[in-house]
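Colleague: I have a model open and would like to go through it slowly with you. Could you take my questions as they come?

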Amino acid sequence: MENLQGPSKSWQLTVYPIFTVLGWILIGVALLIGLFVLTPTAIDYFGGNAKAVRDSAEAGSAVISQLSTLASTQRWLEPLAFLGVASFMLGIALEFSAIPNILKNRGQVMSICFPQIVQNYAE
Amino acid sequence: MKVQIPEEKAPFPFSMIEGMMPLYPWIAIMGWGFVLVSLLIGIFSLSPAVSTFFSDSKAVREAAEAGSAFVNANVTAHVLESWVPQFKFVGLGLGLLAITMALGTIAKRLRGMGWVITGHIREDLRPKMPSIPRRVRYFQFSALMGVMILVAALIVGIVLGVTVVPDYWSHSIATELNPAQPGSALLQQLETVSSFAKWLNPLRLTGMAFLFTGITIALTVIIGALKGQADLLIGFFNRATAN
């Protein structure tokens, strides 16, 4: 009698949830920084100061600090959020990569079971 | 012998989602169309508006009065930039939704195949079909949530694009916008105009995250169905050969 077994455990199916969770963390961090750091800073900077004040702000002033935050944070925050997107895609690719092995096993199981199905065919 | 596949009706609103699942090629085409429209708007409307605005020196374009070609071009550019990126992301979201729907359709067909195979097995040896996994509802919900967030972002973009954004930019930069003082209506509008993208852009990506999660869960359903079918067949084989 043939020894029938399910598909072997693949490393991809162990690892993919890490990347899915990582995707959520990175995008979540980007959303929180956007909501609670950049938006209030932009509101304070643009709404709280006339253009003349913004343009003439001295080094070390709060206005310059706000401008620096707005200009520099965006430079790394967007790639961080897109790393989150890439993490999701990597997780999905890992899941897809596990399917051929599962299909191969499913085919083998079916080919062994087929004579038994024919023998025990429902009338 | 023809096996009758039982109709497994999902509760509302999932029944509606499942009914729409076979439409995934059209949803994908629609998503592609949205992105194409964004490109066309960029080429034929946004780009000419920006070109018009930058066609003269800084002093001239900033001194231009409300109603002039420069100010109108600036308004057009800013209005388009408030909603076209959200529109583009709805297109991308529809593409991801189509993938989720296609995976859902595959999972449903696999289940149908399971019914057919087990239906051909003698009743006393017939494996019992497992119930539909709860994860099916999760991926449907996640995909729906993702599209709803992207549509909400588009609505926010459109609302801003017909209210604050044109109201603010339809002024002369040098004589009205630049001299605006704290507490004035213009600076309050500038607050909104300069800050909305800071939270709307990550919100869009959150919508995408829900869609990616939907695809991830849909794949686990397919993988689970394939493994489950192998397990059912193995169980059947063991019972059949034990007799």
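Colleague: What does helix α1 of chain A reach from its first C-alpha to its last?
Modeller: Helix α1 (residues 11-47) of chain A has 37 residues and reaches 52 Å between those two atoms, which is close to the 54 Å expected at 1.5 Å a residue. The expected span is 1.5 Å times one less than the number of residues, and helices here (H or I, at least four residues) and strands (E, at least two) are DSSP runs numbered from the N terminus.

Colleague: Before we go on, where do the numbers and the letters come from?
Modeller: This is a predicted model, in which local features need pLDDT of at least 70 and side-chain atom pairs count only at pLDDT 80 or more, while totals for chains, interfaces and linings use all residues. Residues are numbered from 1 along each chain as its sequence is written, and chains are lettered from A and ligands numbered from 1 in the order in which they are written.

Colleague: Where is the kink in α1(A) centred?
Modeller: The kink is centred on A:Gly34 and amounts to about 40°, where the bend at a residue is the angle between axes fitted to the seven residues ending there and the seven starting there.

Colleague: And where does α3(A) bend?
Modeller: α3(A) bends by about 40° at A:Cys113, and a proline, A:Pro115, follows within four residues. The end C-alpha atoms of α3(A) are 83 Å apart, which agrees with the 86 Å that its 58 residues should span at 1.5 Å a residue.

Colleague: How many helices does chain A have?
Modeller: Chain A comes to 3 helices and 0 strands, and its C-alpha trace spans about 90 × 30 × 15 Å along its principal axes. Its radius of gyration is 28 Å, whereas a compact globule of 123 residues would be near 14 Å; this radius is taken over C-alpha atoms, and the globule rule is 2.2 Å times the number of residues to the power 0.38.

Colleague: At what angle do the axes of α3(A) and α8(B) cross?
Modeller: Helix α3 (residues 62-119) of chain A and helix α8 (residues 185-242) of chain B have axes that come within 9 Å and cross at roughly 15°, which makes α3(A) roughly parallel to α8(B). Axes are lines fitted to C-alpha atoms, for helices over the stretch in contact, and angles run from 0 to 180 degrees between N-to-C directions; those under 35 degrees count as roughly parallel, over 145 as roughly antiparallel, 65 to 115 as roughly perpendicular and the rest as oblique.

Colleague: So what about α1(A) and α8(B), parallel or antiparallel?
Modeller: Their axes come within 8 Å and cross at roughly 175°, and α1(A) and α8(B) are therefore roughly antiparallel to each other.

Colleague: Which helix of chain B packs with α8(B) at an angle of about 10°?
Modeller: That is helix α4 (residues 69-119) of chain B, with the two axes 9 Å apart, which makes α4(B) roughly parallel to α8(B). α4(B) also bends by about 30° at B:Glu81, and a proline, B:Pro85, follows within four residues.
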